[in-house]
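This report describes how two chains meet.

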2 protein chains.
Amino acid sequence: MRRNDAGGDVVARIKDLILRTGLHPGDPMPTEARLVEELGVARSSVREAMRTLSSLDIVEVRHGHGTFVGRMSLAPLVDGLLFRARLNDGNDLRTLREVVQARIALDLSIGQRLVEAWRDEDLAPARAEVERMRAAHAAGRSFADADQAFHAAVLSKLGNELMMQLGDAFWQVHTSALPLLDVPPATDIRLTIEAHDAIVDALEAGDTTAYEKAVRAHYSPLDRNLTASE
Amino acid sequence: MRRNDAGGDVVARIKDLILRTGLHPGDPMPTEARLVEELGVARSSVREAMRTLSSLDIVEVRHGHGTFVGRMSLAPLVDGLLFRARLNDGNDLRTLREVVQARIALDLSIGQRLVEAWRDEDLAPARAEVERMRAAHAAGRSFADADQAFHAAVLSKLGNELMMQLGDAFWQVHTSALPLLDVPPATDIRLTIEAHDAIVDALEAGDTTAYEKAVRAHYSPLDRNLTASE
DNA sequence: CAAGATTTGTTCGTATGTATA
DNA sequence: CTATACATACGAACAAATCTT
């Protein structure tokens, strides 16, 4: 008797194959045809399994080229949270509020480590991103790119890949969900940009307390708006 | 001209359909046949799209019964992190270490709020889980269930669904990945159980400093082992 | 630039397993 | 037990993208 356990079996077997053959992110996977041979299942089943693995970013599929071991990013988390945020009907900003609170918690929780990690290190890259933000705002353009790069740069010194990806994931959900909802109008942008300056200043001075204060200032306008509409 | 954008299009259209028709978690989705009609694509395409949504826990499929709107849990995050941990070959405990550090950061970051949230609230449920841990350990059984329930109970008062799910997700990765790797032997279990008691004590006393100390004690044996093998 | 080979993407038809009434 | 509705699996054919010769 064949047991095709709801297809989840094929997913597990392909995962095992990746581990067993010692593949790393970026390496080419066997072709669909080869997997059909080796696993003894139909191509449709292999395709559905690959689809699952692809949506988890465990593999990356390139049409007409091939399939490769993925980077296992937190893209699925972003997808799920974004959809959750959109599912909250009308004025229910619960998911967005929770994501922002998570961002705050994350930034505050690493204050100590961050100050130590940046001691005697060059903060010029982070400072440069603040300048990019200022320039973009002055030119009337969006400064989302620079904002994202700034936070990534600050977190990079932690040496914790997961935390960095978490921070970026929350950033993505935050900035993507904000325009989709009936959210209060943006507050004074200059205050936001100055908050970024304050964060760099605090790290440069090695002052944990100042860092926490700057982080709270960075989020305070939005945080107030979100909790107010509770 | 037809646009079959790598099938990701179908996923987006099904997502939109959920939002447009105002479906909520648990509600039944249209059948595959109906989706084939409405979207004008083949059954296989619908199936692959549903497979993607299923692995993201946006829909839930029950064989022979139907598909329903899912609960959008963080299961995909757990899957991805677990695979990342298994992919680190040999003695590389990087992912596990990063997950544990994320747990610590999360627990520490909410100390203040947690103390306030538990003020004048009944901590008996959390205390009961500690007793279940103690009983299970005395009987030589695993106390994983009680441990998981304990941390969930503590976080529940936060009123932040996302943080609670994040904590649980990290817990799952932590406890599932630990046995898979060549990890140092378990330290004295009684100390771990006592750390849980100390957390409840701190919350009962409304003492943030004691809470942080208890959290560090809770993780310190493992944290030391993981960073030592760096 | 052109032709062909390789690989993934889409579709159809059919048969089978599973839960519900 | 039967009938119905539904999801699961398979295989074959053709379309589209990419790379190589």
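Arg47(B) forms a salt bridge with Glu48(A), with 3.0 Å between the closest N and O atoms. A salt bridge here is a side-chain nitrogen of Lys or Arg within 4 Å of a carboxyl oxygen of Asp or Glu; the rule finds 6 of them across the interface of chain B and chain A.

This is a predicted model, in which local features need pLDDT of at least 70 and side-chain atom pairs count only at pLDDT 80 or more, while totals for chains, interfaces and linings use all residues. Side-chain values use heavy atoms, without hydrogens and water, residues are numbered from 1 along each chain as its sequence is written, and chains are lettered from A and ligands numbered from 1 in the order in which they are written.

## Extent of the interface

In chain B, 45 residues are in contact (heavy atoms within 4.5 Å) with 46 residues of chain A. The two chains bury about 4,200 Å² between them, 62% of it on carbon and sulfur atoms; buried area is the accessible area (1.4 Å probe) that two parts lose on being put together, summed over both. Glu48(B), Arg51(B) and Phe83(B) supply 17% of the area that chain B buries against chain A, more than any other three residues.

## Symmetry

Chain B is superposed on chain A by a rotation of 180° with 0.0 Å of shift along its axis (RMSD 0.1 Å), using least squares on the C-alpha atoms of residues with pLDDT of at least 70 in both. The two copies are thus related as by a two-fold rotation axis. In chain B, the C-alpha of Ser109(B) is nearest the axis, 2.4 Å from it.
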